[in-house]
Amino acid sequence: MTKANTLCEVAQFNDILRTSGLDPRCINQAAGNVPKLIDAFEAQPENRAGQRVRKSARQAVRRTLAHLASAARHVSDGSASRGESRKLIRFAGCCEDFIELERRASRYRGLHNKIVQGINDRKSREQARKIRLDDEHSLLEVKTVSQLRSVGKQLRNCISGHLGGDYRDALRQGESEFWALRRQGECVGLLSIDVATRKIEECAGADNEPVGWQRRGLLALQRALNAAGDEIKEFVESGAFSLFAHQPNLRPVPLQVGKRTHQVWSTREELIIRDDRKRWSRFRLCLRRRRDFPSCEATYGSALDSDELLCMVAVSCELAAVIANSLPARDTGDSDASRHRRGRRPRPPRGRRRV
């Protein structure tokens, strides 16, 4: 910053200062003292390289003038930091050392930023959605990075540290929603949802342990957020599948397989089984294209795998009938025979020679 630039910066500070509404004596003292401090600071031998002011000294002057101009601007705009702004301007009028003025101006700027951030966070909390699930459980949306850090510290997980950068970036960019799970007003867990797919990405309590909610509460959570938690272990183990959230009146079919009793819920796409030990299993149903028999794929966290389901079908005709009635219709338009017929050249009529 050359001498001309310094004079321009000082002139801008004086213009803002004279419109601040401060006492004229305070304004005159600050407007006359600040240029003298800058000249004395730039004239020091350690701040000069030959005939020019060093780059570090120029940056210090520019930064300090910017902080002073900010303070002068916030004196009369109703800012919450106007008291600290007034103190800094008064100090600028009686200070005798530019280094001390630089420190006070930097301290003021940090305090002002902290006050503004606190106000913005409070406004965000007021605008955040609050969802009451029942008498004990509720959800509170996490809107800011500072709130996300605070929740992470309460739950003692990685989100509050340097490993939580991906989560904070997802919140800033609007890719994920974060919700604080509360029980009787206390934060007991954190849940993240992919905004595009509405799938629950993670759900964990303190120290990354399970939240410990009952199936009814987890279903209410999915229903309130219009989200699917079928791939989250705690949801699977409690039987809180999105099928029950969207079709609460679906009735199970009771089955006796060997010495154990089971309840089976079925749709055209999935099969859910609960045994008498309250273990849950979920299967995806599909028809293979080249073979006309069903394929059942066990989903994440299921108590039963596909081989165990096959053994149950072999000994239970009722379960086999339930699966057969639940299978999706075979798409005849995309069958191998149809594709073969579409790709084959037409046969010419008999009795005519091909040209």
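These legends describe close-up views of one predicted model. Local features need pLDDT of at least 70, side-chain atom pairs count only at pLDDT 80 or more, and totals for chains, interfaces and linings use all residues. Residues are numbered from 1 along each chain as its sequence is written, and side-chain values use heavy atoms, with hydrogens and water left out.

View 1. Helix α2 covers residues 24–42, 19 residues in total. Helices are DSSP runs of H or I with at least four residues, strands are E runs of at least two, and both are numbered from the N terminus. From first C-alpha to last, α2 reaches 28 Å, close to the expected 27 Å; the expected span is 1.5 Å times one less than the number of residues. Asp-23 caps the N-terminal end, with a side-chain oxygen 3.0 Å from the backbone nitrogen of Arg-25. Buried residues of α2 include Ile-27, Val-34, Leu-37 and Phe-41. Asn-33 and Glu-42 are also buried. Buried means under 20% relative accessible area, exposed over 50%, and partly exposed in between (1.4 Å probe, protein chains only).

View 2. Six of the eight residues of β5 (176–183) are buried. Strand β4 (137–142) runs antiparallel to β5, joined by six bridges. Leu-139 has Leu-181 of β5 as its bridge partner. β5 also pairs with β6, again antiparallel, over eight bridges. Two strands count as paired if DSSP finds at least two bridges between them. β5 and β6 form a hairpin with two residues between them. In the turn, Gln-184 has a positive phi of about 55°.

**View 3. Two loop residues with positive phi.** Most residues other than glycine have a negative phi. Arg-198 has a positive phi of about 60°. Arg-198 sits in the loop between β6 (186–194) and β7 (200–205). For Lys-278, phi is near 65°. Lys-278 belongs to the loop between β10 (270–275) and β11 (280–287). Lys-278 counts as exposed because its relative accessibility is 57%.

**View 4. The largest cavity and its lining.** One cavity of 30 Å³ or more is found in the whole structure. The largest cavity has a volume of about 40 Å³. Its lining is formed by His-262, Ile-273, Asp-275, Arg-279, Ser-281, Ala-303 and Leu-304. These lining residues divide into three nonpolar, two polar and two charged. On a 1 Å grid over the protein atoms alone, a cavity is a set of points where a 1.4 Å probe fits but cannot get out; lining residues have an atom within 4 Å of a point.

Note on methods. A polar contact is a pair of N or O atoms within 3.5 Å; within protein, one must be able to donate a hydrogen and the other to accept it, and residues adjacent in sequence count only if both atoms are side-chain atoms. On a 1 Å grid over the protein atoms alone, a cavity is a set of points where a 1.4 Å probe fits but cannot get out, and a pocket is an open set with protein on both sides within 12 Å along at least five of seven lines; lining residues have an atom within 4 Å of a point. Grid points are joined across faces, edges and corners, and a volume is the space filled by probe spheres set on the points. Ala, Val, Leu, Ile, Met, Phe, Trp, Tyr, Cys and Pro count as nonpolar, Asp, Glu, Lys and Arg as charged, and the others, Gly among them, as polar.
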